[in-house]
Amino acid sequence: MELQLTAEEQEFRAEMRDFFTTKVSQEVRDAVAAGHELTREQIVEAHQTLNAAGLAVPHWPEEWGGRGWSQIQRHIWNEEMQAAAVPPPLAFNASMIGPVIAQFGSQEIKERFLAKTANLDIWWSQGFSEPDAGSDLAGLRTTAVRDGDDWVVNGQKTWTTLGQYGDWIFTLVRTDPEVKKQKGISMLLIDMTSPGVEVRPIELIDGGHEVNEVWFSDVRVPGENLVGEPGQGWTMAKFLLGNERVGVAPVGSTKRRLARAKELAGEQAHDPLTAARIAELENELLALELTALRVVAHSAGSEPHPASSVLKLKGTELQQAVSELLVDLAGPGSLASGAGDDSALPDWARHATPSYLNLRKASIYGGSNEIQRQIISRTILGL
């Protein structure tokens, strides 16, 4: 197939590249490039810069801020954003609850939430996973019981990423325990300042605070905060997860990190084994980039192409491989694990191990790599 961009697409790429490298805060981009954890304020600033230019939610319906772009334009937008070290629009808003509300929400809910969601005036958290309902999401046990016009919610969510910043949380709850478990689930929008909502931090292995537990104790939620109909939550969850898996191969950011690793290698780059390792990663990334273009070219409608599982699988493996390369290049310096008290160590060496450890999660979120292998074997290989 022909993978060369048209003149219009090349012009679009140049437009995106110019915007991302000149209009987004250099301080924020430098922090992303260095692997630093962004503050809430930096994430909001970058997101709102994109939204002001109509670049935060281009895949939404046009009446709510979308751009009506082709799949290849979305691909170019995503790739150039990553290459420029621009933090992507907050996924919970742009790729998760926003499209769900646009697809399933009442007109009242759309008007109430979509504009604020697009501009990150509301920071959304995701209330899906539970201690015994991660991979088996349908096994969730958080309940919502009708009491007059309200719902009363009790239960626990876990692995709530950046939940410490959340204003609202879109939450899957069990509203009917008597039917098949997938059919008894609904989606509620819950104000995280409501009485009975408690966010507890989970410390990660790298020492960071990225994920949380969220507890609900007799939390009263107005009936108008139900998205769609009771029992429609499972359908919404599948729709949301399909959107989450769009752009799952971060080719642009991985290429940028590998280029940075080559710069940092110094004399180590002349070692034959190191040089061969870098060359192999470059070849793998080129193959992944071409595969991503093929998937985009053959994608139709809103359903993810089956080969997107290949992108998820290989994309996360290459992310992890490049982070491992940086740890090896840092050598003993990587053992500092982000400690800021050793000024003799370069900044990148201190952050190599935390980044490596944090990226272990990439094999799990968005559908674990083991599940992706099953999808590939069944839908692509026909096994």
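# A tour by selection

The crossing of helices H8 and H10 is left-handed. What is on screen is a predicted model.

**Stop 1: H8 and H10.** Select residues 251–265 for H8 and 308–330 for H10. The two helices pack with their axes 10 Å apart, at an angle of about 15°. Angles under 35 degrees count as roughly parallel, so H8 is roughly parallel to H10. Now show side chains. On H8, pick Thr254, Arg257, Leu258, Ala261, Leu264 and Ala265; on H10, pick Leu318, Gln319, Val322, Leu325, Leu326 and Leu329. These residues make the contact between the two helices. Coloured by class, the contact of H8 with H10 shows nine nonpolar residues, two polar and one charged.

**Stop 2: Thr353.** Go on to helix H11, residues 347–358, where Thr353 is placed. Is Thr353 buried or exposed? The cut-off for buried is under 20% relative accessible area, and Thr353 counts as buried because its relative accessibility is 13%.

**Stop 3: H5 and H6.** Select residues 91–104 for H5 and 107–118 for H6. Their axes come within 10 Å of each other and cross at roughly 160°. Angles over 145 degrees count as roughly antiparallel, so H5 is roughly antiparallel to H6. The crossing of H5 and H6 is left-handed. Which residues meet here? From H5 come Asn93, Ile97, Gly98, Ile101 and Ala102, and from H6 come Ile109, Lys110, Phe113, Leu114 and Thr117. By class, the residues of this contact of H5 with H6 are six nonpolar, three polar and one charged.

**Stop 4: the cores.** Nonpolar side chains tend to be buried together in soluble globular proteins. The largest nonpolar core here has 61 residues. Select Phe20, Leu50, Trp124, Phe170, Met187 and Leu189, which touch the most other members of this core. H5 gives the most to this core, with eight residues. Centre the view on Trp124. Leaving aside neighbours within four places in sequence, Trp124 is in contact with Leu90, Phe92, Asn93, Ile97, Phe113, Thr117, Trp168, Ile169, Phe170 and Leu189.

**Stop 5: the loop between S3 and S4.** Strand S3 covers 150–157 and strand S4 covers 168–174; Trp159 is found in the loop between them. Most residues other than glycine have a negative phi. Trp159 is not a glycine, yet has a positive phi of about 55°. Trp159 is exposed, because its relative accessible area is 53% and the cut-off for exposed is over 50%.

Thr160 is in the loop between S3 and S4 too. Thr160 is buried, with a relative accessible area of 1%. Not counting residues up to four places away in sequence, Thr160 touches Ser125, Gln126, Ile169, Glu210, Val211, Asn212 and Val214.

**Stop 6: Asp218.** Finish in strand S7, residues 211–222, where Asp218 lies. Asp218 is exposed, with a relative accessible area of 53%.

Terms used. Residues numbered from 1 in each chain as written. Predicted model: local features only at pLDDT ≥ 70, side-chain atom pairs only at ≥ 80, totals over all residues. Heavy atoms only, no water. Axes fitted to C-alpha atoms, helices over the stretch in contact; angles between N-to-C directions. Helix = DSSP H or I, 4+ residues; strand = E, 2+ residues; numbered from the N terminus. Parallel < 35°, antiparallel > 145°, perpendicular 65-115°, else oblique. Left-handed = near helix turned anticlockwise from the far one by under 90°. Contact = heavy atoms within 4.5 Å. Nonpolar A, V, L, I, M, F, W, Y, C, P; charged D, E, K, R; others polar. Buried < 20%, exposed > 50% of the residue type's maximum accessible area, 1.4 Å probe, protein only. Core = buried A, V, L, I, M, F, W, Y, C linked by side-chain atoms within 4.5 Å.
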